[in-house]
Amino acid sequence: MITIDVSEVTDERTLHALLKRELDFPDFYGMNWDAFWDSITGLVSIPTQVRFLGWDQLAADVPRGAAMLRRALDDYQATYRPEFFAQYA
């Protein structure tokens, strides 16, 4: 399991930078949701469990980013890894 603290993220660019660092995305990561999808489905192996701390704060401060992240991870689980679990705490 990996824990990612998103409580201090204030915009989508910062969210992508945090995800890039914590999930070990490549240097050429495009910092957008298409690049996020490409990364988790073919470029890196993410842990089976990911826990996001400060999710309510992220959802309040960056609602579109929080929704896009959750949607991408839900689709990832449904399409590629049914055993994957994301916790939004």
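In which strand does Gln49 lie? Gln49 lies in strand β2, where helices (H or I, at least four residues) and strands (E, at least two) are DSSP runs numbered from the N terminus. The model is a predicted one, in which local features need pLDDT of at least 70 and side-chain atom pairs count only at pLDDT 80 or more, while totals for chains, interfaces and linings use all residues. Residues are numbered from 1 along each chain as its sequence is written, and side-chain values use heavy atoms, with hydrogens and water left out.

Gln49 is partly exposed at a relative accessible area of 34%; buried means under 20% relative accessible area, exposed over 50%, and partly exposed in between, with a 1.4 Å probe and protein chains only. Once residues up to four places away in sequence are set aside, Gln49 touches Met1, Ile2 and Phe85, contact meaning heavy atoms within 4.5 Å. Gln49 and Phe84 are 35 residues apart in sequence, and their C-alpha atoms are 5.9 Å apart in space.

Strand β3 (residues 85-88) holds Ala86, a buried residue with a relative accessible area of 15%. With neighbours within four places in sequence left aside, Ala86 is in contact with Val50, Phe52 and Leu73. From Ala86 to Ile2 the separation is 84 residues in sequence and 9.8 Å in space, C-alpha to C-alpha.

The helices come next. The axes of helix α2 (residues 33-43) and α4 come within 11 Å and cross at roughly 30 degrees; axes are lines fitted to C-alpha atoms, for helices over the stretch in contact, and angles run from 0 to 180 degrees between N-to-C directions. This angle makes α2 roughly parallel to α4, because angles under 35 degrees count as roughly parallel, over 145 as roughly antiparallel, 65 to 115 as roughly perpendicular and the rest as oblique.

The residues of the contact of α2 with α4 divide into nine nonpolar, two polar and two charged. In this division Ala, Val, Leu, Ile, Met, Phe, Trp, Tyr, Cys and Pro count as nonpolar, Asp, Glu, Lys and Arg as charged, and the others, Gly among them, as polar.

Helix α2 also contains Ser39, which counts as buried at 1% relative accessibility. Not counting residues up to four places away in sequence, Ser39 touches Phe25, Pro26, Tyr29 and Val44. In the loop between α2 and β2 (49-53) lies Ile46, which is buried with a relative accessible area of 3%. Leaving aside neighbours within four places in sequence, Ile46 is in contact with Leu23, Ile40, Leu73, Tyr76, Arg81 and Phe84.

Side chains of opposite charge can pair when their charged atoms come close. A search of the whole structure finds three salt bridges, each defined as a side-chain nitrogen of Lys or Arg within 4 Å of a carboxyl oxygen of Asp or Glu. Glu12 pairs with Arg64, their closest N and O atoms being 2.8 Å apart. This pair links distant parts of the chain, with Glu12 in helix α1 (residues 12-22) and Arg64 in helix α4 (residues 63-79), 52 residues apart. Arg64 is partly exposed, at a relative accessible area of 49%.

Another salt bridge joins the side chains of Arg21 and Glu22 at 3.2 Å, N to O. Arg21 is exposed at 57% relative accessible area, and Glu22 is partly exposed at 28%. Glu83 and Arg81 likewise meet in a salt bridge, at 3.3 Å from N to O. Within this pair, Glu83 is partly exposed at 48%, whereas Arg81 is buried at 15%.

Most residues other than glycine have a negative phi, and most peptide bonds are trans. Asp24, although not a glycine, has a positive phi of about 60 degrees; Asp24 lies in the loop between α1 and α2 and is exposed at 62% relative accessibility. Met31, also not a glycine, has a positive phi of about 60 degrees, and its place is in the loop between α1 and α2.
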